[in-house]
Amino acid sequence: MTHVAPSDGLKTEFAGQRPRLFKLALVASFWTVLTLGFYRFWMKSRLRRWYWSSIRPGGLPLEYVGDPFEKLLGFFMAVVVMAFYIGVVNLILMFASLSLFSTSFTAYAASLVGVIPVWFYARYRARRYVLARTRWRGVRFGLEPGAWGYAGRALWHWFLTVITCGILWPRKTFYLEKYRTDRTVFGSATLHQGGTWTMLMPAYVHVLIATVALAVAAGALALENETVAMVGLVAVPYLIFGMIHYTVTAKRLLANHKSAGDVRLLAEPKVGTAVRIYVFGYLATILICMLPALPITIAVGVIEMEKNGSIYSSAPNTGEIYGLPTIVWTVLGVIAYFAILLLWSVLRHCFVTMPIWRHYAETLTIENADSLSEVSQKDRDEFREAEGFAEALDLWGAI
């Protein structure tokens, strides 16, 4: 049943539980590793369905209806295009670079610059596909075409950000979000991003202060002034705090200035809660990921002690493990690597991604929800290339 309180609006719940997510992510990640990455299209679909169904505005869950085969087909199409770019365009660039400048560096630089707009293009198209396959109350979301327009604007705002040494980062954040939001629809309703980019600047002050402190510490280190360079020990954690503070505050401000007709959003995420989730979540993830390597480390340490001791010297054959062929140690290293990689992916979902999604969901309210009854269904977006370019460029690795 939909819970509508006139005074509070439409509250959002998060129904997902960590044990269920752990099992789902573990099995999906295992099959992804076992299939050399091909199962990731099914893994993303299953994880998205779990996350989407856990978010329940007014008690009604979101639905994700993306098809893994669409993702696989889109990936293959993107690979063909990227293969053409790498094989033909790069060959032309290399020929021109060697002919004009007698060096290959210019070709590599031009090739890298050429990929940047494709990266932004891929991100917009990936968002379009995800929204087109998302429904709530049976009504589809959508994103109007405009990937190249987004790529051009992203290049411009990134350029301004770089030449101002990062000072205009909030401007980039606001205008790129506005471009995406103003082209987002929920059925017959079109979203609008209000506000101005300057409203994000106060939240960015911590990042600027920490960046200046790091620059001072780096300069002092170059001048061998170790006393002043110690500022860096404080500036690094302060920069991490500043980035989290800015991210959470920017999401809150941008959400509170979003609207669709009379419908408004009220977001109240807490910076302190987000900091606690990130710090303890990543700390727990790192500590647990160290467990697979622990037995091997202990074994190697014991063997090294035996090798340098009198027991090993008097009885060389007792150190047979130390003399294992290189291929055996290689296999053990590969197994440990994939075990850590698998654990990292699973635990990050359980201790970081899921808690932060839950916090954002549970602090979100939809105001004037009665106006949603006027929203009609949207035609299905037959966008079938899915997230092919995003997959080919390895974007959005989590979900």
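**Close-up 1. Charged side chains over tyrosine rings.** Lys251 is positioned over the face of Tyr360, 6.0 Å from the ring centre, and Arg183 sits over the face of Tyr179, at 3.7 Å from the ring centre. A charge is taken to sit over a ring if NZ of Lys or CZ of Arg is within 6 Å of the ring centre and within 35 degrees of the ring normal. The model is predicted, so that local features need pLDDT of at least 70 and side-chain atom pairs count only at pLDDT 80 or more, whereas totals for chains, interfaces and linings use all residues. Residues are numbered from 1 along each chain as its sequence is written, and side-chain values use heavy atoms, with hydrogens and water left out.

**Close-up 2. The aromatic pair Trp119 and Phe120.** Rings of Phe, Tyr and Trp (its six-membered ring) pair if their centres lie within 6.5 Å, and planes under 30 degrees apart count as stacked, over 60 as edge-to-face and the rest as tilted; by this rule there are 22 aromatic pairs. The ring centres of Trp119 and Phe120 are 5.2 Å apart with their planes at 80 degrees, so this pair is edge-to-face. Phe120, at 7% relative accessibility, counts as buried, whereas Trp119, at 31%, counts as partly exposed (buried is under 20% relative accessible area, exposed over 50%, partly exposed in between, with a 1.4 Å probe and protein chains only).

**Close-up 3. The aromatic pair Tyr238 and Phe241.** Tyr238 and Phe241 form a stacked pair, 6.4 Å centre to centre with 15 degrees between the planes. Tyr238 is partly exposed at 25% relative accessibility, and Phe241 is likewise partly exposed, at 30%.
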